[in-house]
Amino acid sequence: MSEQSRNAVRTTLQLTCLLLGVLGLVMGLSGVYLLMKYWQGSLCFSNTYITMPAILTLASAAVLVASGCLGLWLSLRDSICLQGLFVYLLVVVFCLESTATALAYFHSVKLDSETASLSGVFQNYTGNSHDPSSRAVDTMQEQLQCCGVHGYRDWFKTSWFNRTGELTVPQSCCNSTFHSCNGTVEQPWQLYTQGCQVKLEKALQFVLSFIIWGLPVVFLVEVVVLIMVAQLMRERPFMEYHILGKN
């Protein structure tokens, strides 16, 4: 390989390693986003296993960024040890991403059962700001801009609605564009129209799909990087070994 070709390979390796770092940051943000959505409705999930794709995605993102930095350093100097470590990190990333993708797909087809306990959380609503369940419901309705499980009429079936005289729903159901809204059911146009289950499932489905489709992108970039590293390793001259003669 000529010096010009070798420099072209190094430049391509630098660009793909930069892309690896960017992909790591993007995948890390998707993991953080999934954790944020879980915390918004943490009391609404039947188990905590849905956080596993986020945790594995964050781990793979950290290794991806580290691999990108190592790849940039590797493009500037020849080192068999660094090349071996770089390939090892790429294999670790692929394993983590594959596991995260499999778990993300598993949870994406079971979102209905994952959020099945949402109705029970709304039934236990007391309106007390010191009650964790009530505070979680208010926070979720405000942040997701939703009202009830499937709509504001779900509040009609709760014990809290019966105790308040059957006139209002929680203030957190009020659409933020109506500053005079007090939660009265006589003015339903001032309330959020969509239910929280649909909004929560849409948000989770989006980020889970992002994690799933992130694997082929990362895999393709890794293949390009491995080809570049293989080119550099192939052209590295072998060390000469001499048999020591007897004295």
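A disulfide is here a pair of cysteine sulfur atoms within 2.5 Å, and the views below apply that cut-off to a predicted model.

**View 1. Disulfides across the whole structure.** A search of the whole structure finds three disulfides. When the bonded cysteines of the chain are numbered in sequence order, they pair as 1-6, 2-3, 4-5.

**View 2. The disulfide between cysteine 146 and cysteine 196.** The sulfur atoms of cysteine 146 and cysteine 196 lie 2.1 Å apart, and the two residues form a disulfide. This pair links distant parts of the chain, with cysteine 146 in the loop between α6 (132–144) and α7 (159–163) and cysteine 196 in helix α8 (residues 196–234), 50 residues apart. The torsion about the S-S bond of cysteine 146 and cysteine 196 is about 90 degrees, so the disulfide is right-handed. Cysteine 146 counts as buried because its relative accessibility is 0%, and cysteine 196 likewise counts as buried at 0% relative accessibility.

**View 3. The disulfide between cysteine 147 and cysteine 173.** Cysteine 147 is joined to cysteine 173 by a disulfide with an S to S distance of 2.1 Å. Here too the pair links distant parts of the chain, since cysteine 147 sits in the loop between α6 and α7 while cysteine 173 sits in the loop between α7 and α8, 26 residues apart. About the S-S bond of cysteine 147 and cysteine 173 the torsion is about 85 degrees, so this disulfide is right-handed. With 0% relative accessibility, cysteine 147 counts as buried, and cysteine 173, at 0% relative accessibility, is also counted as buried.

**View 4. The disulfide between cysteine 174 and cysteine 181.** Cysteine 174 and cysteine 181 form a disulfide in which the sulfur atoms are 2.2 Å apart. The link of cysteine 174 and cysteine 181 is left-handed, with -70 degrees about the S-S bond. Buried means under 20% relative accessible area, so cysteine 174, at 10% relative accessibility, counts as buried, as does cysteine 181, with a relative accessible area of 6%.

**View 5. Cysteine 69, which is in no disulfide.** The nearest cysteine sulfur to cysteine 69 is that of cysteine 17, at 9.3 Å, whereas a disulfide would need the sulfur atoms within 2.5 Å. Cysteine 69 has a relative accessible area of 49% and is therefore partly exposed, because the exposed class begins over 50%.

View 6. Cysteine 81 counts as exposed because its relative accessibility is 67%, a value to be read against the cut-off of over 50% for exposed residues.

Methods: Residues numbered from 1 in each chain as written. Predicted model: local features only at pLDDT ≥ 70, side-chain atom pairs only at ≥ 80, totals over all residues. Heavy atoms only, no water. Helix = DSSP H or I, 4+ residues; strand = E, 2+ residues; numbered from the N terminus. Buried < 20%, exposed > 50% of the residue type's maximum accessible area, 1.4 Å probe, protein only.
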